[in-house]
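Please look at the sequence and the structure shown here. Then read on about its strands and charged side chains.

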Amino acid sequence: MNFAASLCKRVSLRDLVANVPAYAGATDASGTGLALVFRRWATKKTAGSSKNGRDSKPKNLGVKKFGGERVIPGNIIVRQRGTRFHPGNYVGIGKDHTLYALKEGNIKFETHKLSGRKWVHIEPKDGHTLHPVYGDIQSPQLETAA
């Protein structure tokens, strides 16, 4: 006969359950022999691998071209969620708020002193050019003087 079987024959199960409280602490051990304590545990099973194992693809956000770097038209400068950086001169913005270069040149980051808003500009390689619409218009002062 094994130990468990002999123990159950000596002490009835009814005596064990009636004499021991349901939630016994460490101080209940009187040292008078073997004390069996029945405890009620949480019935929620642990979450297994079927509930884990999901992960989203990396979004690869952040600054791709830093201040002073050379860019060509179409280069992505910043990938972002929302407008953490705002487009400045010669910088375009996509529908997902990606900033990209519209002209070849060097990148310049600027922070507004009062609002703290960050702007991204491109200093063009061939200098700033005036839009053709404004090139044909002459100043009204020049027309009256002529």
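## Ground rules

This is a predicted model, where local features need pLDDT of at least 70 and side-chain atom pairs need pLDDT 80 or more, while totals for chains, interfaces and linings use all residues. Residues are numbered from 1 along each chain, and side-chain values use heavy atoms, without hydrogens or water.

## Strands

Strands here are DSSP runs of E with at least two residues, numbered from the N terminus. Two strands pair if DSSP finds at least two bridges between them. Strand β3 (residues 76–79) runs antiparallel to β1 (residues 62–63), with two bridges. In this pairing, G62 partners R79. Two bridges also join β3 to β6 (residues 99–101), again antiparallel. There, I76 stands opposite Y100.

## Salt bridges

A salt bridge needs a side-chain nitrogen of Lys or Arg within 4 Å of a carboxyl oxygen of Asp or Glu. The count is two. R79 pairs with D96 at 4.0 Å. This pair links β3 to the loop between β5 and β6, 17 residues apart.

K125 pairs with E104 at 3.8 Å. K125 is in the loop between β8 and α3, and E104 in the loop between β6 and β7, so the pair ties together parts 21 residues apart in sequence.

## A buried lysine

K103 lies in the loop between β6 and β7. K103 is buried and has no salt bridge; D126, the nearest side chain of opposite charge, is 4.2 Å away. Buried means under 20% relative accessible area (1.4 Å probe, protein chains only). Lys and Arg count as positive, Asp and Glu as negative; His and the chain ends are not counted.

Notes. Helix = DSSP H or I, 4+ residues; strand = E, 2+ residues; numbered from the N terminus. Buried < 20%, exposed > 50% of the residue type's maximum accessible area, 1.4 Å probe, protein only.
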